[in-house]
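This report describes selected features of one protein chain. The sequence and the model are shown first, followed by remarks grouped by topic.

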Amino acid sequence: MPADYSVLMSVYIKEKPENLRRSIESMLAQSVPPSDFVLVCDGILSDVLYSVISDFSGRYSFINVIQLETSGGLGNALNHGLGFCKNDIVARMDSDDIAMPDRMKRQLKALAVHEADIVSAAVEEFKDTPGDTGVFRVLPETHNEIIEFSRRRNPFNHPCTVFRKQRVYMAGGYIETKWFEDYYLWLRMLDSGCIGYNLPEPVLYMRSGREMYKRRGGLKYVSAALKFRKKMFNEGFCGLFDFLYACTAHIISGIIPGRLRMILYSRLLRK
């Protein structure tokens, strides 16, 4: 089982210092620890965030801090950071989530056993404390199921994906597609022949709550979603029925009140 991997994380000024600290700690405490950690500062951060980062980088020599002068969005930050990752196996991690201690052990094993290029897993959502919602996002497990699912919904949980860097480069890397950079990358990777796999059990606690669901509503989000779905259809990643189904779902989800959207996601799109 390969053990050398890089962690790729991006952080921006609005992140809470305590969330960043817990997120980094959870990856450093893995049962199979990383040998490389690339932390991209997406624009100028607050002094307190820099203090957290300095604390870790001062204690762990393999943490490589990359400073971007201006914030260009998550996709741009990850593309930039990917170039500094020393290993071909890269583990994504968001700056406010918490990885379970055996996350990487299980995902590295799945990567080898299934000869996969992308491995994700189920996630357990939380608001304040891990385990406080009982809401899970579980995705199709096998490659063929993932292909079918991808025509309507994102087939991988981005915050806990592990992928092969060279296959990402072969697919063109993250391309600016507001709010859908990761989805578009997975579609291109799968289309180029990459093998995907999802662990059915959670490996990560993903921070949710009203703010997360609020970001998935409003006219700007709906407009971006419809634009992306049109791109998917034009490039042959979905058929007409899948296109119409997904567009309808985005419109309904985008225009309803945030509280109702949160209920819709947790009861119909989660477990």
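Glu115 lies in the loop between H4 and S6. The model is a predicted one, and in it Glu115 adopts a positive phi of about 50° although it is not a glycine. Its relative accessibility is 64%, so Glu115 counts as exposed.

Trp179 likewise is not a glycine and has a positive phi, of about 75°. The residue is placed in the loop between helix H6 (165–170) and helix H7 (181–191). With a relative accessible area of 36%, Trp179 is partly exposed.

## Nonpolar cores

The largest nonpolar core comprises 37 residues, and the members that touch the most others are Tyr5, Leu20, Ile24, Met27, Phe37 and Leu204. Both helices and strands give two or more residues to this core: the helices are H1 (17–28), H2 (47–59) and H4 (103–113), and the strands are S1 (6–11), S2 (36–42), S4 (89–92), S6 (118–126) and S9 (196–207). Strand S9 provides the largest share, five residues. Another core, of 22 residues, lies apart from this one and includes Ile66, Ala77, Leu78 and Phe163.

Which residues does Met27 contact, leaving aside its neighbours within four places in sequence? They are Tyr5, Val7, Pro34, Phe37, Met93, Ala99, Arg103 and Met104. Two of these partners, Tyr5 and Phe37, are also listed with Met27 among the residues of the largest core that touch the most other members.

## Ser57 and Val65

Ser57 is found in helix H2 and is partly exposed, at a relative accessible area of 27%. Not counting residues up to four places away in sequence, Ser57 touches Ile63 and Val65. The C-alpha atom of Ser57 is separated by 37 Å from that of Arg153, a residue 96 places away along the chain.

Val65 belongs to strand S3 (residues 63–68). Its relative accessibility of 33% makes Val65 partly exposed. When residues up to four places away in sequence are not counted, Val65 touches Leu39, Cys41, Ile53 and Ser57. Between Val65 and Phe37, which are 28 residues apart along the chain, the C-alpha separation is 8.4 Å.

## Packing of H7 and H9

On the H7 side, the contact involves Tyr183, Tyr184 and Leu187, which meet Phe228, Arg229, Lys231 and Met232 in H9. By class, this contact of H7 with H9 contains five nonpolar and two charged residues, with no polar ones.

## Packing of H9 and H10

Helix H9 (residues 219–234) also packs with helix H10 (residues 240–255), at an angle of about 175° and with the axes 9 Å apart. This angle makes H9 roughly antiparallel to H10.

From H9, the residues making the contact are Tyr221, Val222, Ala225, Leu226, Arg229, Lys230 and Phe233. H10 contributes Leu240, Phe243, Ala246, Cys247, His250, Ile251 and Gly254. The contact of H9 with H10 divides into 10 nonpolar, two polar and two charged residues. Arg229 of H9 takes part in this contact and also in the contact with H7.

How many disulfides are found in the whole structure? The search finds zero. Cys238 is in no disulfide, and the nearest cysteine sulfur, that of Cys247, is 8.0 Å away. A disulfide requires the two sulfur atoms to be within 2.5 Å. For Cys247, which is also in no disulfide, the nearest cysteine sulfur is that of Cys238, at 8.0 Å.

Cys238 is buried, with a relative accessible area of 8%. Cys247 is buried as well, with a relative accessible area of 11%, and Cys247 is one of the H10 residues in the contact with H9.

Definitions and conventions. Residues are numbered from 1 along each chain as its sequence is written. This is a predicted model: local features need pLDDT of at least 70, side-chain atom pairs count only at pLDDT 80 or more; totals for chains, interfaces and linings use all residues. Side-chain values use heavy atoms; hydrogens and water are left out. Buried means under 20% relative accessible area, exposed over 50%, partly exposed in between (1.4 Å probe, protein chains only). Axes are lines fitted to C-alpha atoms, for helices over the stretch in contact, and angles run from 0 to 180 degrees between N-to-C directions. Helices (H or I, at least four residues) and strands (E, at least two) are DSSP runs, numbered from the N terminus. Angles under 35 degrees count as roughly parallel, over 145 as roughly antiparallel, 65 to 115 as roughly perpendicular and the rest as oblique. Contact means heavy atoms within 4.5 Å. Ala, Val, Leu, Ile, Met, Phe, Trp, Tyr, Cys and Pro count as nonpolar, Asp, Glu, Lys and Arg as charged, and the others, Gly among them, as polar. A nonpolar core is a set of buried Ala, Val, Leu, Ile, Met, Phe, Trp, Tyr and Cys residues joined through side-chain atoms within 4.5 Å.
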